[in-house]
Amino acid sequence: MIPGVKLTKTLDNRTILIEIENSGWKFSTNCETINIENGIYFGKKNLKLENQNICISGKIDKVDQSTSRLKEASGIYFASYTGMDVKQATELRKLCRETNVDYSITKNTLIKIAAKNAGYDNQFDDLLKGQIAIATSVDDPVAPARIIKNFNKDNNDVLEVVGVF
């Protein structure tokens, strides 16, 4: 059983209501079986969403991590990474780790939720279109800019900064 997840059979004894405590998220399924291990899996049968903001537990964790990252950041950089290959992405992640810059790629819809939770209501919506990565720094607000600039020198300007906060 996952802490914070409540399972309830409905009156028809065929549908199971699943609630994630303190989130307002509810959903139900009429699957024959539900397996709960490291998240929630419903099989291939019908799944009804009673709240359009529903996320599975992994996505909830990602939103929580992104929310705290946005709240703590002294510099937030949004960059389009279209055209970057795996080797370049690995090198960029390495450079970021070496300088305490958090670089991640997260679904835009999850970042929009995290931004709202962090107090940036709709401020990032225009930036979050297409393939967007986020680089943040807590200690040095210009550290992501230095990394992106130096990385672009060696990689034919593959990253395009689309927003800075």
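Trainee: How many helices and strands are there in the protein chain?

Mentor: Helices (H or I, at least four residues) and strands (E, at least two) are DSSP runs, numbered from the N terminus. The protein chain here has 4 helices and 10 strands. Along the sequence they follow the pattern β-β-β-β-β-β-α-β-α-β-α-β-α-β. Keep in mind that this is a predicted model, where local features need pLDDT of at least 70 and side-chain atom pairs count only at pLDDT 80 or more, while totals for chains, interfaces and linings use all residues. Residues are numbered from 1 along each chain as its sequence is written, and side-chain values use heavy atoms, with hydrogens and water left out.

Trainee: What share of the residues of the protein chain count as buried?

Mentor: Buried means under 20% relative accessible area, exposed means over 50%, and partly exposed is in between (1.4 Å probe, protein chains only). Of the 165 residues in the protein chain, 41% count as buried.

Trainee: Which way does strand E7 run relative to E9, parallel or antiparallel?

Mentor: Two strands pair if DSSP finds at least two bridges between them. Strand E7 (residues 75-80) and E9 run antiparallel and are joined by 6 bridges. Strand E8 (residues 102-104) also pairs with E9 in the antiparallel sense, over 3 bridges. Look at Thr 136 in E9: this residue is the bridge partner of Ile 76 and also of Asp 102.

Trainee: How many salt bridges does the count come to?

Mentor: A salt bridge is a side-chain nitrogen of Lys or Arg within 4 Å of a carboxyl oxygen of Asp or Glu. By this rule, the count is 3. One of them joins the side chains of Arg 69 and Asp 102, at 3.1 Å from N to O. That pair links distant parts of the chain, with Arg 69 in helix H1 (residues 57-72) and Asp 102 in strand E8, 33 residues apart. Arg 69 is buried at 11% relative accessible area, whereas Asp 102 is partly exposed at 34%.

Trainee: How many aromatic pairs does a search of the whole structure find?

Mentor: Rings of Phe, Tyr and Trp (its six-membered ring) pair if their centres lie within 6.5 Å; planes under 30 degrees apart count as stacked, over 60 as edge-to-face and the rest as tilted. The search finds 5 such pairs. In one of them, the rings of Phe 124 and Phe 165 have centres 4.6 Å apart and planes at 70°, so the pair is edge-to-face. Phe 124 lies in the loop between helix H3 (108-117) and E9, and Phe 165 in the segment after strand E10 (160-164), so the pair ties together parts 41 residues apart in sequence. Phe 124 is buried, at 1% relative accessible area, while Phe 165 counts as partly exposed at 38%.

Trainee: Which residues do ring pairs link into a cluster?

Mentor: Phe 78, Tyr 120, Phe 124 and Phe 165 are linked in this way.
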